Amino acid sequence: MRRLAGACAIVTSHFDGEPAGLTATAICSMTVEPPRLLACVNRICWAYRAIRRCQVIAVNILATEHESLARRFAGLSPCTPQERFREGKWTTGALGAPVLQDALANLECRVVDYLDGSTHSMFVCEVVGVRVSPLRTTDPLLYFGGSFARLASEV
């Protein structure tokens, strides 16, 4: 799977007034009508419990300049899960999950189903709100071969 490049996103949720989030690459479109996506989350992750309890997520699609945030939410920077939100410009979305203001796009979702499999759960989420950043000059942040990556320049 290290040979499958993935777009990086920060998946956020909340519970009892506390924000929660993780860096994820296992997110994909499921259906257009109704608009649904799949998000796979490790069940040992602190944010997993918040997602299961409140049944809400925001998918914040990252640009290359968000690599530091991606590392932070992946647990690669020394901070507690609650301290992760001290970096970046965050607001509260319509469903209560934290939304990264300068993300390439934000998808606010309600969890409608889930499936446990081995170490992870796959959440089926209905997209109820979308915000797309105005046309940007930056590329999406990718993950490939165990490292963060960016699109190659045109030759």
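**A tour of the aromatic pairs**

You are looking at a predicted model, in which local features need pLDDT of at least 70 and side-chain atom pairs count only at pLDDT 80 or more, while totals for chains, interfaces and linings use all residues. Residues are numbered from 1 along each chain as its sequence is written, and side-chain values use heavy atoms, with hydrogens and water left out.

Now switch to cartoon. You will find two helices and 12 strands (DSSP runs, H or I of at least four residues for helices, E of at least two for strands, numbered from the N terminus).

Next, select Phe, Tyr and Trp. The whole structure holds six aromatic pairs (ring centres within 6.5 Å, using the six-membered ring of Trp; planes under 30 degrees apart are stacked, over 60 edge-to-face, the rest tilted). Zoom in on Phe73 and Trp90: the centres are 5.6 Å apart and the planes at 45°, so this pair is tilted. Phe73 sits in helix H2 (residues 67-73) and Trp90 in strand E7 (residues 90-92), 17 residues apart. Phe73, at 2% relative accessibility, is buried, and Trp90, at 18%, is buried too (buried is under 20% relative accessible area, exposed over 50%, partly exposed in between; 1.4 Å probe, protein chains only).

Then move to Tyr114 and Phe123, a tilted pair with 6.3 Å between centres and 40° between planes. Tyr114 is partly exposed at 33%, whereas Phe123 is buried at 1%.
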